[in-house]
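Here is a briefing on one protein model.

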Amino acid sequence: MPIDDSDFEDGSDEVHNPIAKEKPTALQETEEDEQFDLDDLLPSIGEFGRYQKLLVFGICLPACIPCGFCAFNQLFMADTPTDYWCRVPELLNISTVEQRKHLALPPDMDHHTEEHSKCYRYAVDWLQLLENATINDLKPDKSWPIEKCPQGWEYNTTEVWSSIVIDYDLVCDKDIYPTIGLAALNVGGPIGVYLFGLLNDRAGRRTSYFVCLATLLIGSLITSISKDFWTWAGSRVIVGLTIPAVYQIPFIISLELVGENYRSFVTVMTCTFYTSAIMILSIVTYLERDWVKLSYYTSVPFYAYFLYLFIMPESPRWLLMRGRLEEALKILENMARVNGHEFPPVIKTKLEAQISRDKLKKKKKHVNAGVSDLCRTPNMRLKTLLITLSWFANETVYLGLSYYGPSLGSNQYVSFFLSAAVEIPSYLVCWYLMDTWGRRWPLSLSMILGGVACVITVMLPDDAVDETLYLYLISKALLSASFLIIYPFAGELYPTQVRGIGIGVSSYVGGLGLIVIPFVTYLGKENLKLPLVIMGFMSMLGGITGLRLPETLHHRLPQTIEEGEEFGKDWTIKNCCSCKPEIQASSSQQASYENLDVLASNAGSDVELEMQTSSSTSSKRHSARSRPKSLIDERTPLDVSRPTRPSMRRLVRQMSVMDTQRTQDGTMQLTHWI
């Protein structure tokens with residue numbers, strides 16, 4: 001029991017009244033000021049026990065599959081047949097396909113080849129010509145006038161026998177329409193992330209997910225029953241609203257329920273399930289070529305996900321943040337029971353005290369950081385620019401390569417399957433490299449080498465189909481690895497005070513590339529390798545800019561904007577050339593990526609911390625001073641050899657934890673991240 005100064009007289013150490021009124025000590029006030037951290041509780045009830053495993057593998061990871069299906073099924077719904085030509089109704093019943101093409105179509109003047117034109121036909125009166133001669137006697141005359149196809153097209157349906165291109169005649173002057181539809185899908189993404197992000201924070205993760213899923217299925221239903229292109233494109237905007245969010249919400253639930261040491265594992269597994277969904281999609285598209293049925297097959301099965309309403313729990317972090325104590329306790333107690341642990345009885349008391357404190361603290365005014373704080377100082381401005389450029393290049397090229405997969409190789413379904421399959425080993429290798437060699441070099445090298453693999457395809461002959469595919473797959477694997485790194489790396493570079501804003505700005509600027517990249521891949525209609533070259537140079541540029549960023553592995557991360565300005569400010573060429581970050585010998589464990597704000601809030605003044613030892617007759621007082629904030633080096637590991645306060649206990653955590661976008665209370669947020 002803490003002992004007050006009034007208990008002593010004349011300097012004596014004797015305790016006269018051990019039941020006297022207690023004055024809160026600095027230690028007590030510090031503990032009261034601390035927010036309850038679920039990460040402190042999880043080790044005692046199970047960080048990744050049976051409860052989390054059932055939740056993650058049974059609910060959250062399968063809940064990511066609709067994103068992979070609905071993000072890429074459009075590539076096959078809008079597939080274009082390899083050959084098409086103008087429709088001539090007068091010749092349909094009296095000639096073969098080859099006769100019609102030979103007689104009714106002029107040579108392709110646009111490409112100066114001997115092949116027939118796909119967009120023009122001879123403008124003659126076929127009924128009058130057939131009155132004077134048989135079909136076998138007619139010969140095409142180059143002096144005949146030509147016209148654009150007024151009565152539609154015929155299509156070679158050997159490989160593609162159903163698509164919106166065939167149903168809506170989206171060829172020739174309208175061949176860019178499928179690209180517009182793909183851009184429409186990506187336009188909805190940033191809007192949806194914002195809307196579902198608000199819903200996610202205000203109504204909860206469960207409600208947000210099922211509203212998002214319902215929106216996705218409604219958009220997919222409208223896609224299936226569309227009778228014209230613009231209705232179809234509008235439905236793709238609705239689907240696009242949900243594409244990032246329907247992936248991220250179950251991902252966030254998983255992250256918020258597992259311990260910090262398992263967040264890297266959950267992140268890699270989420271990416272793996274997402275990629276597996278794309279691989280399954282390639283099989284589905286191969287087996288079902290009718291675009292309407294394909295739309296049904298890739299959406300209707302997910303109506304069964306509404307059964308998760310009965311078993312998917314709300315995130316206890318969100319419930320705690322909203323003050324819904326009883327619901328949070330029920331979930332946490334159930335978690336402890338399923339994991340075979342006893343729920344600590346003192347937690348309920350601590351949570352109730354926290355709710356009371358939070359209600360009082362809501363009256364206090366907080367100064368919120370803004371976007372301008374990212375660019376107010378030179379070093380922060382430079383890092384924000386470099387992070388955003390690297391993010392833009394990475395996200396744009398990754399998605400561009402995903403879209404371009406079916407265009408390469410001799411079989412579009414096999415190419416699409418392989419483009420997804422190469423991502424899985426890259427995730428596993430990247431997981432190891434991130435925690436061994438840091439973030440900067442693996443990110444930069446994977447983007448640079450991936451870009452080089454794209455660019456050198458231009459040196460291959462046009463008939464080197466397989467070689468071009470191999471280089472593409474190498475590039476896709478490398479860009480997938482860098483895509484896994486860029487999110488946590490950006491989160492670690494931005495200081496805690498502006499982390500959410502910084503990641504939001506970078507991700508939304510990166511999202512602009514998703515709208516543009518379909519038009520880059522559209523250039524492949526004229527030159528198959530041109531999009532690869534463009535994406536290759538973009539990737540190399542993003543990789544080079546990443547080399548200038550400071551390494552974050554084994555470094556304490558900045559919390560305030562001022563610390564963010566200092567972090568990496570002393571960058572030199574030597575820092576750029578250093579490959580593997582060194583672990584300093586002063587610590588056996590490294591600084592955490594999160595909750596350093598506890599130290600920053602408590603270390604601004606010289607606070608006397610009383611550490612008492614009492615006996616029946618005497619007591620001696622010992623004090624320890626907290627380190628002033630100015631003495632804390634945010635770029636060195638923590639010294640854990642000295643005694644630690646409860647708040648300091650949270651600072652000593654594993655370095656391989658992936659940092660995530662959080663609010664001030666620790667709950668995680670949506671980010672435009674496909």
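Glu 492 has a relative accessibility of 0% and therefore counts as buried (buried is under 20% relative accessible area, exposed over 50%, partly exposed in between, with a 1.4 Å probe and protein chains only). This is a predicted model: local features need pLDDT of at least 70, side-chain atom pairs count only at pLDDT 80 or more, and totals for chains, interfaces and linings use all residues. Residues are numbered from 1 along each chain as its sequence is written, and side-chain values use heavy atoms, with hydrogens and water left out.

**Salt bridges**

- Glu 492 forms a salt bridge with Arg 439, and their closest N and O atoms are 3.0 Å apart (a salt bridge is a side-chain nitrogen of Lys or Arg within 4 Å of a carboxyl oxygen of Asp or Glu).
- Glu 492 lies in helix H20 (residues 465–493) and Arg 439 in the loop between helix H18 (423–436) and helix H19 (440–455), so the pair ties together parts that are 53 residues apart in sequence. Helices (H or I, at least four residues) and strands (E, at least two) are DSSP runs, numbered from the N terminus.
- Arg 439 is buried, with 0% relative accessibility.
- The structure holds 11 salt bridges.
- Another one of them pairs Asp 83 with Lys 101, with 3.1 Å between the closest N and O atoms.
- Asp 83 sits in the loop between helix H4 (65–77) and S1, and Lys 101 sits in helix H5, so this pair ties together parts that are 18 residues apart in sequence.
- Both Asp 83 and Lys 101 are buried.
- A network of salt bridges links Asp 83, Glu 98 and Lys 101.
- Lys 148 and Asp 173 also meet through their side chains in a salt bridge, at 3.0 Å from N to O.
- Lys 148 lies in strand S3 and Asp 173 in the loop between H7 and H8, so parts 25 residues apart in sequence are tied together.
- Lys 148 is partly exposed, at 46% relative accessible area. Asp 173 is exposed, at 57%.

**Disulfides and other cysteines**

- A disulfide is a covalent bond between the sulfur atoms of two cysteines. Here the criterion is a pair of cysteine sulfur atoms within 2.5 Å.
- The structure holds 2 disulfides.
- Cys 86 is buried at 2% relative accessibility. Cys 149 is buried at 11%.
- A disulfide also joins Cys 119 to Cys 172, with S to S at 2.0 Å.
- The S-S torsion of Cys 119 and Cys 172 is about -100°, so this disulfide is left-handed.
- This pair, too, links distant parts of the chain, 53 residues apart: Cys 119 is in the loop between helix H5 (97–104) and strand S2 (120–122), and Cys 172 is in the loop between helix H7 (164–168) and helix H8 (177–202).
- Cys 119 and Cys 172 are buried.
- Counting bonded cysteines along the chain, the disulfide pattern is 1-3, 2-4.
- Cys 67 is in no disulfide; the nearest cysteine sulfur, that of Cys 64, is 7.7 Å away.
- Cys 67 is buried, with a relative accessible area of 0%. Cys 454 is buried too, at 1%.

**Nonpolar surface patch**

- Leu 221, Ile 225, Tyr 296, Tyr 297, Val 300 and Tyr 303 form a nonpolar patch on the surface, with about 540 Å² of accessible area together.
- Patches are made of residues with over 30% relative accessible area and no salt bridge; like charges are joined within 9 Å, and nonpolar side chains (Val, Leu, Ile, Met, Phe, Trp, Tyr) within 5 Å.
- Helix H9 (205–225) and helix H12 (291–297) each supply at least two residues of the patch.
- Ile 225 is in helix H9. At 46% relative accessibility, Ile 225 is partly exposed.

**Whole protein**

- The protein has 26 helices and 6 strands.
- Of its 674 residues, 54% are buried.
- Among contacts (heavy atoms within 4.5 Å) with a separation of 6 or more, 81% come from residues 24 or more positions apart.
- The protein exposes about 30300 Å², and carbon and sulfur atoms supply 59% of it. Accessible areas come from the Shrake-Rupley method with a 1.4 Å probe; for residues, only the protein chains shown count as cover.
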